[in-house]
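Good morning, and thank you for joining this meeting.

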Amino acid sequence: MSVLVKITIITSGCFIAINSKPVFTTALPQQTKASSFLPYDLFGAINTLKKELNAVVLAHYYQDPDIQDVADYLGDSLGLSQQAASTSADVIVFAGVHFMAETAKILNPDKLVLLPDLDAGCSLADSCPPEEFAKFKAAYPDHLVVSYINCSAEIKAMSDIICTSSNAVRIVNQIPEDQPIIFAPDRNLGRYVMEQTGRDLLLWQGSCIVHETFSEKKIIQLKIEHPEAEVIAHPECEPPVLRHASYIGSTTALLKYAQTSPASTFIVATEPGIIHQMQKQTPNKRFIPAPAMNNCACNECPYMRLNTLEKLYLAMKNRQPEITMPEHIRVAALRPIERMLEMSV
Ligand code: SF4
């Protein structure tokens, strides 16, 4: 049995389908068999599919503005996991990166969880390989493991409590003072939590390529050019950048701060996708993305940007790529996430 593979080319709002030579279905990966036709009105088509599938689209603030506009819920890692834990939808379309969609699957084993692009990974999650972390953890058997949610399901399964940048300080403050703690995988967030709590944490030396790319020198230059501007930063940034920040917080906290601060101009040291919401909430304020060290767009997360509106539509249409994981990993990873949700109320 054979099928025709169809290639879709978008030209000024219409498409042309080109049939290739027949190929055998048994030799094709699942993805190749999927439909790649795109409708003219993607927003409308996504909204129709939401109803047909009883699907919810959860999107992170670092996503492309079009995806943010089509999402049912927009948030940071904490808000998105809370939404994933409480949704009654049958299908969760996660417009974010792999570890976020995994978290949704861990919380919802019976639901179909889709990620528009399976390659949407995370440099921070990748900086903590499970085998090496298992050895590290084994060397400190008396330590409690608090892991930032930006890690793989395997690392979550080895953790005692998960945290996000919204609740990391609050969670560490709830742990008895005489309890030694390993904090993984982000050394910058870990350092920030140490400063805020006065606790001595044993840090795994992972980091995010995006938040380590901001140039202190260029931020100082921007401050000179815009003396009225406030620098606001995510705690995944390195200490030389955080030193210049009037306010440090999670993406949700930065959004709230930009709304309530009397300042009219902000230099934003986190992934610039968030500026879409900042500008929507306060159109009369000015938001300047903190520049990267090189003259590149490296302050944009290359993983988050792999998701597009087209891929999101196709994921819903084809019910793939789907997030799956071994059940023993899911069950082990669930407990520390539930502890986080209990400790964040
Ligand atoms: S911004 Fe950094 S931490 Fe967030 S998904 Fe991208 S690489 Fe990972």
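I begin with Tyr247, which is partly exposed because 16 other C-beta atoms lie within 10 Å. On the definition used here, a residue is buried if 20 or more other C-beta atoms lie within 10 Å of its own, exposed if 12 or fewer, and partly exposed in between, with C-beta atoms placed from the backbone. This is a predicted model, in which local features need pLDDT of at least 70 and side-chain atom pairs count only at pLDDT 80 or more, while totals for chains, interfaces and linings use all residues. Residues are numbered from 1 along each chain as its sequence is written.

Tyr247 belongs to strand β14 (residues 247-248). Helices (H or I, at least four residues) and strands (E, at least two) are DSSP runs, numbered from the N terminus. Beyond residues up to four places away in sequence, Tyr247 touches Glu230, Ile232 and Tyr257; contact requires that the two C-beta atoms, placed from the backbone, lie within 7 Å. Between the C-alpha atoms of Tyr247 and His60, which are 187 residues apart along the chain, the separation is 21 Å.

How many residues of helix α5 are buried? The count is 10 of the 10, so this helix, residues 98-107, is largely enclosed by the rest of the structure. Among them are His98, Glu102 and Lys105.

I close with the cysteines. An unreviewed UniProt entry lists Cys122, Cys208 and Cys301 under "binding site". Although these three are spread over 180 residues of sequence, they cluster in space, with a largest C-alpha distance of 9.3 Å. UniProt positions follow the numbering used here, feature names are shortened, and annotations may be inferred rather than shown by experiment.

Cys208 lies in the loop between β12 (201-203) and α11 (216-225), and is buried because 24 other C-beta atoms lie within 10 Å. Cys301 sits in the loop between β16 (286-289) and α15 (309-318). Leaving aside neighbours within four places in sequence, Cys301 contacts Tyr62, Val210 and Glu271.
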